[in-house]
Amino acid sequence: MSLQTVGSNNATTSQDACYISLLGLAENFRTSQPPNIKKCIQCLQALFTFQPPSKVEARTHLQLGQILMAYTNNTDMARTHLEAAWKLSEPLLNFDDVKFDTASLLAELYLQIDQNSTSKAILRKAIELSLNNVYWHCKLLLQLAQLHANDREYNLASELLAVGAESAEEAGATYLKVLFLLSRAMILMIERKTNDVLALLNSAGAIIDNHINNPHQKEYLKVFFLVLQVCYYLALGQVKTVKPSLKQLQMSIQTIMAPNWPTDEVIFGQNPLEMFVWLPKEQLYVLVYLVTVSHSMMAGYMDKAQKYTEKALTQIEKLKAQDDKCILSVFKVILLEHIVMCRMVMGNRELAIREIAAARDVCLSSGPNGQLLKRHAAQLHCLVGLYAMSTSFFEHAENQFLTCVNETTERDLKLFAKLNLAIIYLRTKRDQDLKQILDAVSTENTHTYSSQALMGGFYYVQGLHAFHKASFHEAKRFLRETLKMANAEDLNRLTSCSLVLLSHVFLSISNSKESMNMVTPAMQLASKIPDIHVQLWGSAILKDLHRMSKDAQHEKEALANHVKYSENLIADQLKCVQSIHHNLIDWLKGPPPPTNATAVAIAAINTASSNNVALTAAHSASTQAAALISPIVSQTIQYTNQSPLNAVHTMHQHHNFQQHQTHHQQSYY
């Protein structure tokens, strides 16, 4: 941030000389090493003693507000100066930069002090005044749309983005129009208006292909478009369908990250109506890793998901060391949410609870006014519920899932939590509760609206329920429907879970041939994922099948594998209940508890009974209940549900002491 020279064109007067001297001195104090912000502010305040003209006074108030917001925590004084700058500049003509920069910054400050309605009001007024300045009109529309999106007022956000697209089109700013269209598609995706999303993406894609002439801007827009397309397919559980788009996205990001690619300042710093970029390329690089992790997890490639997560987290830490942007914390939390589910599938539950605690810590330390925690509390409760369920703390798991359902408005997250609640009720023989929740899920969800992965999971739970009732024909019917949906989109974990349960169904009706035909591919898939729970269950079935066929050698091998998987889970269970993070299973209200000495004491108490708990879990896993100790379908938590426009940046002109102006990036948040 820098400041701009003030005063009239006649720099010969003594008053103008004083202005220039004070501004120069203030800039010197600001840029000294280390900066002397106190003296910088004193120099700027001294300007008011000369009773400067309104424009000079307004600009100086703005400069003071900028300095105070950038270098101090004195929001009260910053607010006083910015409100003075707004009051002075609002009625002035031909004073757009100061007027609208003040409005934008003041709206940001009001947001920091939880005055959202005041922030929106000043932006709406500034938008009305900026009708003849396309750059500022569009910038302020984006900022206001972001505020409405943050408050889940998606219809208002969508309307503002539609206005922005029209304004850009009227100004002949095709690049900017596409940015508005894609931003609006992101909002509609959150609202689950799938048909509207598809239409908007098709429209934007055609413009990108045919009407964007600058090859560098075209590539950036293509990445934005492909990220949304990938998220669109993943939200529908279409893991196989999305592969071509994901491959294109990975190729595009490699192009942008090449050493000979121009800097963002060069690409976007020339035309005022092209001084907007969704994300700088370093953040785009992380985002592509993130959607790749999401795809790998849903497809059941846990090793890949882990590898890409580690690379993405390393990149995030590098970027945080340079400039700790809020969006990086959002990315980090989402990556941790994904990897936690992978850990539990692989039987690494102690690692999972550590990473849930890490996600908690990021949420607690990030964002103004705990916004990140508010946005992710439901997901964290869901993850803690999965952990509690996988360690056989069913009462705690139930409470966590119910809290998640009550705190979220996300339809898929609700469905995911309810399916896991159904598994708990099945496991604890609460038939009435199970019937109620299955009836509710059936009523609330349809094939066309919900994720194919989640609906496949719903059929799986119904098949599991039928199996427990010994309704084997009904179980086969549900599980074949699950397999049809899972195979169509390469949902490998759902496929392996369904195959191993079908194998147990056939074993229960003494059809050993069909049982072997099901368990063999189930074990092959489970070893590729790898899924320790399906492997444990499958090895128990294989042991029984080989005993029935009097194949002693293979029975012995299956038993050895079963013991190995059991011992791994028992050892991990012991680590879990001794973990200082295990007390998170008691968190239901307010901020999640920090790790402290009390947690260690609780873990020590739990250790007294940990052997029994672990053995119970291992015994369950050797029967048909094995799949109950981890989620059947990994839930994809869309990054677009977090902060849809927070990533929108602009190459914006800021005030400096010199006569020339320099361009640099400034985020909207």
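Local features in the predicted model require pLDDT of at least 70 and side-chain atom pairs count only at pLDDT 80 or more, whereas totals for chains, interfaces and linings use all residues. Residues are numbered from 1 along each chain as its sequence is written, and side-chain values use heavy atoms, with hydrogens and water left out.

The secondary structure of the chain comprises 29 helices and 3 strands, where helices (H or I, at least four residues) and strands (E, at least two) are DSSP runs numbered from the N terminus. Of the 669 residues in the chain, 59% are buried; buried denotes under 20% relative accessible area, exposed over 50%, and partly exposed the range in between (1.4 Å probe, protein chains only). Among contacts (heavy atoms within 4.5 Å) between residues at least 6 apart in sequence, 69% join residues at least 24 apart.

Helix H20 (residues 411–427) packs with helix H21 (residues 431–444) at an angle of about 155°, and their axes are 9 Å apart. Axes here are lines fitted to C-alpha atoms, for helices over the stretch in contact, and angles run from 0 to 180 degrees between N-to-C directions. H20 and H21 are therefore roughly antiparallel to each other, on a scale in which angles under 35 degrees count as roughly parallel, over 145 as roughly antiparallel, 65 to 115 as roughly perpendicular and the rest as oblique. The crossing of H20 and H21 is left-handed, that is, the near helix is turned anticlockwise from the far one by less than a right angle. From H20, Arg-411, Leu-415, Lys-418, Leu-421, Ala-422, Tyr-425 and Leu-426 meet Asp-433, Leu-434, Ile-437, Leu-438, Val-441 and Glu-444 of H21. By class, this contact of H20 with H21 has 9 nonpolar, no polar and 4 charged residues; Ala, Val, Leu, Ile, Met, Phe, Trp, Tyr, Cys and Pro count as nonpolar, Asp, Glu, Lys and Arg as charged, and the others, Gly among them, as polar.

Helices H24 (residues 492–508) and H25 (residues 512–528) pack at an angle of about 155°, with axes 8 Å apart. H24 and H25 are therefore roughly antiparallel to each other, and their crossing is left-handed. Residues of H24 in the contact include Asn-492, Thr-495, Leu-499 and Phe-506, while those of H25 include Glu-514, Met-518, Pro-521 and Leu-525. The residues of the contact of H24 with H25 divide into 11 nonpolar, 5 polar and 1 charged.

Gly-456 lies in helix H22 (residues 452–468) and, at 0% relative accessibility, counts as buried. Beyond its neighbours within four places in sequence, Gly-456 is in contact with Thr-482, Met-485 and Leu-494. The C-alpha atoms of Gly-456 and Ser-498 are 9.7 Å apart, although the two residues are 42 residues apart in sequence. Lys-484 is placed in helix H23 (residues 472–488) and is exposed, with a relative accessible area of 55%. Between the C-alpha atoms of Lys-484 and Thr-495, 11 residues apart along the chain, the separation is 8.9 Å.

The count of disulfides (pairs of cysteine sulfur atoms within 2.5 Å) comes to 0. Cys-404 is in no disulfide, and the nearest cysteine sulfur, that of Cys-382, is 4.4 Å away. Cys-404 is buried, with a relative accessible area of 0%; Cys-576 is likewise buried, with a relative accessible area of 0%.
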